[in-house]
Amino acid sequence: MKVLLTNGSPHRKGCTHRALCEVSEALNENGIDTDMFWIGNHPLGGCIGCKACKERNQCAFEDSVNDFLKIAGDYDGFVFGTPVHWGAASGAMTSFLDRAFYADRNGGGNRFFLKPAAAVISARRAGTTATWDQINKYFGLLQMPIITSRYWNIVHGTTPEEVEKDLEGLQTMRFLGNHMAFYLKCKEMGETLGIPRPKQETVTFTNFIRE
């Protein structure tokens, strides 16, 4: 089993990376392999609603979103990390998730169905819980079980060295890694025992506007 940890910070080895490394180490100690994916620091545009993904099963724009989608299906779980920018996830991370998740859902990729996911948030001071709520909404829409820790999945600091001093934050990351490992092993055991996946119905779409 393996988990992909995605770094949504423009700084490849910054505070968000430090938090993700703590989660990764906990997963590794539980026998779960991990890889790190950085979305990069080049501008990432948002979804333009062209719906080309319905035919392509990936985004119309060739950047780190498609790099991610090409490998996402090979992983059993996901952790998405982002810094707080203006009380929310970074603009790049928001665009990344908008496009990656919409392209998968609209294109029928099924890369994320019932795979556990978690959000990791890094900030100097505030905006962490609002950002955590924001990222978790993506998981809910793609039927991904949300993995939690013993506290909200956040670390504080303006540099990786300051994050090192957030002992509770780093401990929260270790709890998160341990919990995800436990869930993955339970899921694997259930599949080994032949427990079937939940029945999927044809989705019924309704609009709020009526003729």
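How many residues does helix H7 have, and how far does it reach from its first C-alpha to its last? Select residues 167–192 in this predicted model. Helix H7 has 26 residues and reaches 38 Å between those two C-alpha atoms, close to the 38 Å expected at 1.5 Å a residue.

Stay on H7 and show its side chains. The buried residues are Gly169, Leu170, Thr172, Met173, Leu176, Gly177, Met180, Ala181, Leu184, Lys187 and Gly190. After H7 comes glycine 194, with a positive phi near 85°.

Five of its six residues are buried, so S1 is largely enclosed by the rest of the structure.

The structure holds one cavity of 30 Å³ or more. Its lining has 13 residues, and Cys47, Cys50, Cys53, Cys59 and Ala60 are the closest to the centre. The space in this largest cavity is about 100 Å³. Which helix gives the most to the lining of the largest cavity? Select residues 91–107: this is helix H4, which contributes three residues. Finally, colour the lining by class, to find 10 nonpolar residues, one polar and two charged.

Conventions. Residues are numbered from 1 along each chain as its sequence is written. This is a predicted model: local features need pLDDT of at least 70, side-chain atom pairs count only at pLDDT 80 or more; totals for chains, interfaces and linings use all residues. Side-chain values use heavy atoms; hydrogens and water are left out. On a 1 Å grid over the protein atoms alone, a cavity is a set of points where a 1.4 Å probe fits but cannot get out, and a pocket is an open set with protein on both sides within 12 Å along at least five of seven lines; lining residues have an atom within 4 Å of a point. Grid points are joined across faces, edges and corners, and a volume is the space filled by probe spheres set on the points. Helices (H or I, at least four residues) and strands (E, at least two) are DSSP runs, numbered from the N terminus. Ala, Val, Leu, Ile, Met, Phe, Trp, Tyr, Cys and Pro count as nonpolar, Asp, Glu, Lys and Arg as charged, and the others, Gly among them, as polar. The expected span of a helix is 1.5 Å times one less than its number of residues. Buried means under 20% relative accessible area, exposed over 50%, partly exposed in between (1.4 Å probe, protein chains only).
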